[in-house]
Amino acid sequence: MFYASFNISSSVYVKALCKGNTDERIVCLTFDDGPDPAYTPQVLEVLKKHQIQATFFCIGEKAADQSPLVRQISAEGHILGNHSMTHSWKFPFYSYEKMVDDLQRAETKILYNESRTGILFRPPFGVTNPTIAKVVYNMRGTVIGWSIRSFDTVDKSEERVFRRIVKQIKPGAVILLHDRMPGCTSLVARLLEHLKEIDYKVVPLNEMFCVPNLFKDEDDI
(Lines give C-alpha, C1' and ligand atoms only; values in the text may rest on other atoms or scores of the structure.)
Protein backbone atom coordinates (compact mmCIF):
# COMPACT_ATOMS: atom_id res chain seq x y z
CA MET A 1 0.00 0.00 0.00
CA PHE A 2 2.88 2.38 0.80
CA TYR A 3 4.48 1.72 -2.58
CA ALA A 4 1.16 2.18 -4.37
CA SER A 5 0.48 5.51 -2.65
CA PHE A 6 3.92 7.09 -2.86
CA ASN A 7 5.04 5.85 -6.29
CA ILE A 8 2.91 7.69 -8.81
CA SER A 9 4.15 5.53 -11.66
CA SER A 10 2.69 2.41 -10.03
CA SER A 11 -0.78 3.42 -11.30
CA VAL A 12 -2.33 1.14 -8.67
CA TYR A 13 -5.02 3.57 -7.57
CA VAL A 14 -5.17 5.87 -10.57
CA LYS A 15 -3.49 5.74 -13.95
CA ALA A 16 -0.82 8.41 -14.25
CA LEU A 17 0.89 9.42 -17.48
CA CYS A 18 4.56 9.32 -16.55
CA LYS A 19 6.41 8.50 -19.76
CA GLY A 20 5.51 8.63 -23.42
CA ASN A 21 5.31 5.39 -25.36
CA THR A 22 7.67 6.42 -28.13
CA ASP A 23 11.08 5.81 -29.65
CA GLU A 24 11.36 9.43 -30.79
CA ARG A 25 13.96 11.58 -29.11
CA ILE A 26 11.39 13.77 -27.41
CA VAL A 27 10.81 14.82 -23.80
CA CYS A 28 8.39 17.04 -21.85
CA LEU A 29 9.27 19.71 -19.31
CA THR A 30 6.95 20.17 -16.34
CA PHE A 31 7.16 22.64 -13.47
CA ASP A 32 5.51 22.35 -10.05
CA ASP A 33 4.69 24.64 -7.13
CA GLY A 34 4.47 28.00 -8.89
CA PRO A 35 3.88 30.56 -10.02
CA ASP A 36 6.71 32.35 -8.23
CA PRO A 37 6.89 36.14 -8.73
CA ALA A 38 10.70 36.18 -8.78
CA TYR A 39 11.70 33.01 -10.61
CA THR A 40 8.82 32.01 -12.89
CA PRO A 41 9.27 35.07 -15.17
CA GLN A 42 12.95 34.17 -15.54
CA VAL A 43 12.05 30.61 -16.50
CA LEU A 44 9.53 31.91 -19.01
CA GLU A 45 12.21 34.07 -20.62
CA VAL A 46 14.47 31.05 -21.11
CA LEU A 47 11.62 28.99 -22.56
CA LYS A 48 10.69 31.82 -24.94
CA LYS A 49 14.30 32.18 -26.08
CA HIS A 50 14.40 28.48 -26.98
CA GLN A 51 10.80 28.43 -28.28
CA ILE A 52 9.84 25.70 -25.85
CA GLN A 53 6.38 24.95 -24.50
CA ALA A 54 6.14 23.42 -21.04
CA THR A 55 3.46 22.53 -18.51
CA PHE A 56 3.10 24.43 -15.23
CA PHE A 57 1.27 22.68 -12.40
CA CYS A 58 0.24 25.66 -10.30
CA ILE A 59 -0.86 25.94 -6.70
CA GLY A 60 -4.25 27.65 -6.52
CA GLU A 61 -3.46 30.16 -3.78
CA LYS A 62 -0.27 31.22 -5.56
CA ALA A 63 -2.16 31.56 -8.83
CA ALA A 64 -4.67 33.82 -7.09
CA ASP A 65 -1.86 36.07 -5.85
CA GLN A 66 -0.07 36.09 -9.22
CA SER A 67 -2.95 36.18 -11.70
CA PRO A 68 -1.11 38.32 -14.33
CA LEU A 69 1.76 35.84 -14.25
CA VAL A 70 -0.63 32.91 -14.72
CA ARG A 71 -2.14 34.68 -17.71
CA GLN A 72 1.34 35.24 -19.10
CA ILE A 73 2.13 31.52 -18.81
CA SER A 74 -1.00 30.69 -20.78
CA ALA A 75 -0.56 33.50 -23.32
CA GLU A 76 2.94 32.27 -24.14
CA GLY A 77 1.58 28.88 -25.12
CA HIS A 78 2.29 26.83 -22.03
CA ILE A 79 -0.19 24.40 -20.51
CA LEU A 80 -1.60 25.07 -17.04
CA GLY A 81 -2.26 22.22 -14.64
CA ASN A 82 -3.79 21.85 -11.19
CA HIS A 83 -1.48 21.11 -8.24
CA SER A 84 -4.17 21.63 -5.55
CA MET A 85 -5.18 24.79 -3.74
CA THR A 86 -2.48 24.92 -1.04
CA HIS A 87 -0.23 21.89 -1.59
CA SER A 88 -0.94 20.79 1.97
CA TRP A 89 0.65 17.60 3.30
CA LYS A 90 -2.85 16.82 4.55
CA PHE A 91 -4.30 16.67 1.03
CA PRO A 92 -4.21 12.85 0.68
CA PHE A 93 -6.17 12.59 3.95
CA TYR A 94 -9.01 14.92 2.91
CA SER A 95 -12.53 13.59 2.64
CA TYR A 96 -13.94 13.15 -0.85
CA GLU A 97 -16.02 16.32 -0.50
CA LYS A 98 -13.14 18.43 0.80
CA MET A 99 -10.83 17.19 -1.93
CA VAL A 100 -13.32 18.05 -4.67
CA ASP A 101 -13.80 21.52 -3.17
CA ASP A 102 -10.04 22.03 -3.00
CA LEU A 103 -9.47 21.11 -6.64
CA GLN A 104 -12.48 23.08 -7.89
CA ARG A 105 -11.27 26.21 -6.09
CA ALA A 106 -7.77 25.73 -7.46
CA GLU A 107 -9.15 25.24 -10.95
CA THR A 108 -10.97 28.57 -10.89
CA LYS A 109 -7.83 30.38 -9.72
CA ILE A 110 -5.54 28.71 -12.25
CA LEU A 111 -7.64 28.58 -15.41
CA TYR A 112 -9.84 31.68 -15.18
CA ASN A 113 -11.65 31.84 -18.54
CA GLU A 114 -9.93 28.93 -20.27
CA SER A 115 -12.20 26.26 -21.69
CA ARG A 116 -11.53 22.84 -20.23
CA THR A 117 -13.87 19.94 -19.61
CA GLY A 118 -11.73 18.03 -17.10
CA ILE A 119 -8.83 18.65 -14.76
CA LEU A 120 -5.17 18.14 -15.60
CA PHE A 121 -3.83 17.16 -12.21
CA ARG A 122 -0.54 16.40 -10.53
CA PRO A 123 -1.17 15.29 -6.94
CA PRO A 124 0.82 17.06 -4.22
CA PHE A 125 3.97 15.03 -3.48
CA GLY A 126 2.86 12.56 -6.16
CA VAL A 127 0.74 10.72 -3.61
CA THR A 128 -2.32 8.79 -4.79
CA ASN A 129 -4.96 6.79 -2.94
CA PRO A 130 -8.52 5.53 -3.49
CA THR A 131 -10.08 8.90 -2.60
CA ILE A 132 -7.88 10.75 -5.08
CA ALA A 133 -8.72 8.13 -7.70
CA LYS A 134 -12.46 8.64 -7.16
CA VAL A 135 -12.17 12.42 -7.29
CA VAL A 136 -10.09 12.35 -10.46
CA TYR A 137 -12.53 9.98 -12.15
CA ASN A 138 -15.59 12.04 -11.24
CA MET A 139 -13.90 15.30 -12.30
CA ARG A 140 -12.95 13.76 -15.66
CA GLY A 141 -9.34 14.22 -14.75
CA THR A 142 -6.01 13.16 -16.17
CA VAL A 143 -3.13 12.59 -13.76
CA ILE A 144 0.35 13.52 -14.93
CA GLY A 145 3.36 12.03 -13.20
CA TRP A 146 7.00 12.02 -14.24
CA SER A 147 9.78 9.67 -15.25
CA ILE A 148 12.65 11.94 -14.20
CA ARG A 149 12.54 13.48 -10.75
CA SER A 150 15.22 16.13 -10.46
CA PHE A 151 15.18 16.48 -6.65
CA ASP A 152 15.91 20.15 -7.26
CA THR A 153 14.09 21.10 -4.05
CA VAL A 154 16.42 19.10 -1.81
CA ASP A 155 19.75 19.12 -3.62
CA LYS A 156 21.32 22.59 -3.66
CA SER A 157 23.99 21.62 -6.18
CA GLU A 158 22.97 22.57 -9.71
CA GLU A 159 25.70 20.31 -11.06
CA ARG A 160 24.37 17.24 -9.26
CA VAL A 161 20.78 18.00 -10.25
CA PHE A 162 21.81 18.50 -13.86
CA ARG A 163 23.77 15.25 -13.94
CA ARG A 164 20.91 13.39 -12.26
CA ILE A 165 18.56 14.51 -15.02
CA VAL A 166 20.80 13.90 -18.02
CA LYS A 167 21.67 10.38 -16.87
CA GLN A 168 17.98 9.46 -17.09
CA ILE A 169 17.04 11.08 -20.39
CA LYS A 170 15.29 8.61 -22.66
CA PRO A 171 12.67 8.91 -25.42
CA GLY A 172 9.34 9.93 -23.91
CA ALA A 173 10.74 11.23 -20.63
CA VAL A 174 8.69 13.62 -18.49
CA ILE A 175 10.99 15.84 -16.43
CA LEU A 176 9.89 17.26 -13.08
CA LEU A 177 11.30 20.67 -12.09
CA HIS A 178 10.17 23.46 -9.73
CA ASP A 179 9.93 27.04 -10.95
CA ARG A 180 9.95 28.33 -7.37
CA MET A 181 13.61 27.39 -6.90
CA PRO A 182 16.34 30.07 -7.18
CA GLY A 183 18.53 27.97 -9.48
CA CYS A 184 15.77 26.84 -11.80
CA THR A 185 16.48 29.38 -14.54
CA SER A 186 20.13 28.45 -14.89
CA LEU A 187 19.32 24.75 -14.71
CA VAL A 188 16.66 24.99 -17.42
CA ALA A 189 18.93 26.97 -19.72
CA ARG A 190 21.67 24.44 -19.30
CA LEU A 191 19.31 21.50 -19.77
CA LEU A 192 17.82 22.91 -22.96
CA GLU A 193 21.26 23.43 -24.44
CA HIS A 194 22.21 19.86 -23.57
CA LEU A 195 19.02 18.44 -25.10
CA LYS A 196 19.75 20.33 -28.29
CA GLU A 197 23.31 18.97 -28.37
CA ILE A 198 22.11 15.36 -28.07
CA ASP A 199 19.38 15.92 -30.68
CA TYR A 200 16.39 15.74 -28.35
CA LYS A 201 13.30 17.87 -28.85
CA VAL A 202 11.11 19.26 -26.07
CA VAL A 203 7.41 18.87 -26.96
CA PRO A 204 4.21 20.03 -25.27
CA LEU A 205 2.44 17.55 -23.03
CA ASN A 206 -0.44 17.12 -25.46
CA GLU A 207 1.99 16.08 -28.19
CA MET A 208 3.49 13.38 -25.99
CA PHE A 209 0.16 12.04 -24.72
CA CYS A 210 -3.42 11.90 -25.84
CA VAL A 211 -4.87 13.93 -22.99
CA PRO A 212 -8.69 13.71 -22.93
CA ASN A 213 -10.63 16.74 -21.71
CA LEU A 214 -7.58 19.01 -21.86
CA PHE A 215 -9.47 21.47 -24.00
CA LYS A 216 -13.03 21.62 -25.23
CA ASP A 217 -13.74 19.99 -28.56
CA GLU A 218 -14.12 22.55 -31.32
CA ASP A 219 -17.76 21.55 -31.70
CA ASP A 220 -18.37 22.58 -28.08
CA ILE A 221 -16.83 26.03 -28.35
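This report walks through one arginine, the nonpolar cores and the pockets of a predicted model.

## About the model

Local features here need pLDDT of at least 70 and side-chain atom pairs count only at pLDDT 80 or more, while totals for chains, interfaces and linings use all residues. Residues are numbered from 1 along each chain as its sequence is written, and side-chain values use heavy atoms, with hydrogens and water left out.

## A buried arginine

Let's start with Arg-122, found in the loop that links strand 5 (120–121) to helix 6 (130–138); helices (H or I, at least four residues) and strands (E, at least two) are DSSP runs numbered from the N terminus. Arg-122 counts as buried because its relative accessibility is 0%, where buried means under 20% relative accessible area with a 1.4 Å probe and protein chains only.

The Arg-122 side chain has a polar contact with the side chain of Thr-30 at 2.9 Å. Such a contact is a pair of N or O atoms within 3.5 Å; within protein, one must be able to donate a hydrogen and the other to accept it, and residues adjacent in sequence count only if both atoms are side-chain atoms. Leaving aside residues up to four places away in sequence, Arg-122 also touches others (heavy atoms within 4.5 Å), including Asp-32, Phe-57, His-83 and Trp-146.

## Two nonpolar cores

A nonpolar core joins buried Ala, Val, Leu, Ile, Met, Phe, Trp, Tyr and Cys residues through side-chain atoms within 4.5 Å. The largest one holds 38 residues, and Leu-29, Phe-31 and Leu-47 have the most contacts inside it. Elements giving two or more residues to this core include strand 2 (26–34), helix 2 (40–49) and helix 8 (184–197), and helix 8 gives the most, with 6 residues.

Beyond residues up to four places away in sequence, Leu-29 touches Leu-47, Ile-175 and Leu-191, among others. There is also a second, separate core of 32 residues, with Met-99, Val-100, Phe-121 and Ala-133 among them.

## The largest pocket

A pocket is an open set of points on a 1 Å grid over the protein atoms alone, where a 1.4 Å probe fits, with protein on both sides within 12 Å along at least five of seven lines; lining residues have an atom within 4 Å of a point. Of the 16 residues lining the largest pocket, Phe-125, Arg-149, Thr-153, Leu-176 and His-178 lie nearest its centre. Strand 2 and strand 8 each supply at least two lining residues.

## The second largest pocket

The second largest pocket is lined by His-50, Ile-52, Leu-192, Leu-195, Lys-196, Tyr-200, Lys-201 and Val-202. Helix 8 provides the largest share of this lining, 3 residues.

How values were computed:
Buried means under 20% relative accessible area, exposed over 50%, partly exposed in between (1.4 Å probe, protein chains only).
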